[in-house]
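Please examine the structure shown below together with its sequence. The paragraphs that follow lead through it step by step.

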Amino acid sequence: MFAMTKIRITITVVLFAMSAIRPYAQTSPSDNYRSEIDKMLTATDLKPHMVQTIMTIWTEMGLPLTDCEAAATEVVEAVWIDLINIYAEEYEKYYSIEDMMAINQFYETPSGKKFAKHSTEIRTAVQDKVYNNFPERIMEILQKYIRQ
């Protein structure tokens with residue numbers, strides 16, 4: 001009994017120490033990096049796409065909202081800074097600030113603007129075609145993995 005109590009206390013102390021050290025051990029993306037992420041997300045029209053996606057989900061759920069678009073827009077605006085930080089943390093794992101600046105320079109070109117404008121539509125169209133054209137094949141594969 002005494003040994004279990006001692007183990008629990010030790011685990012608690014270690015977890016507390018780790019949680020206290022963790023914020024100092026991690027570095028967060030710089031303001032410049034977050035600014036580049038914001039430029040990229042703006043160039044790729046993430047806000048309007050998020051609003052549309054949220055509206056679609058809420059409409060399909062049948063939520064009794066007086067103004068679905070206003071509500072979705074307010075939600076996106078309310079979390080925007082947090083989203084920038086989350087995207088920045090993830091992108092920083094793979095791209096330097098120089099990479100992000102180069103990506104954003106591309107988005108400023110005519111080809112980059114065209115790419116940003118149509119990439120979501122292309123991705124959605126491809127996903128729809130996969131969903132509509134391959135359900136039998138997908139179900140056949142899934143059947144192998146369904147627990148009996």
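**A pair of helices and the contacts around them**

Helix 2 passes helix 5 in a left-handed crossing, a term used if the near helix is turned anticlockwise from the far one by less than a right angle, clockwise being right-handed. This is a predicted model, in which local features need pLDDT of at least 70 and side-chain atom pairs count only at pLDDT 80 or more, while totals for chains, interfaces and linings use all residues. Residues are numbered from 1 along each chain as its sequence is written, and side-chain values use heavy atoms, with hydrogens and water left out.

The protein has seven helices and zero strands, where helices (H or I, at least four residues) and strands (E, at least two) are DSSP runs numbered from the N terminus. Its pattern along the sequence is α-α-α-α-α-α-α. Of its 148 residues, 18% count as buried; buried means under 20% relative accessible area, exposed means over 50%, and partly exposed lies in between (1.4 Å probe, protein chains only).

Contact here means heavy atoms within 4.5 Å.

Glu 36 belongs to helix 2 and counts as buried because its relative accessibility is 8%. Beyond its neighbours within four places in sequence, Glu 36 is in contact with Ile 97, Met 100, Met 101 and Asn 104. The side chain of Glu 36 also makes a polar contact of 3.2 Å with that of Lys 39. A polar contact is a pair of N or O atoms within 3.5 Å; within protein, one must be able to donate a hydrogen and the other to accept it, and residues adjacent in sequence count only if both atoms are side-chain atoms.

Charged side chains also pair up. The whole structure contains four salt bridges, each a side-chain nitrogen of Lys or Arg within 4 Å of a carboxyl oxygen of Asp or Glu. One of them joins Asp 31 and Arg 34, with the closest N and O atoms 2.2 Å apart. Both residues lie in helix 2 (residues 31–43), three residues apart, about one turn of the helix. Asp 31 is exposed at 58% relative accessibility, whereas Arg 34 is partly exposed at 22%.

Another salt bridge joins Glu 77 and Lys 47 at 3.2 Å, N to O. Glu 77 lies in helix 4 (residues 68–91) and Lys 47 in helix 3 (residues 46–61), so the pair ties together parts that are 30 residues apart in sequence. Lys 93 and Glu 90 form a salt bridge as well, at 3.1 Å, N to O.

Finally, Asp 45 is found in the loop between helix 2 and helix 3. Most residues other than glycine have a negative phi. Phi of Asp 45, however, is near 55 degrees, a positive value in a residue other than glycine.
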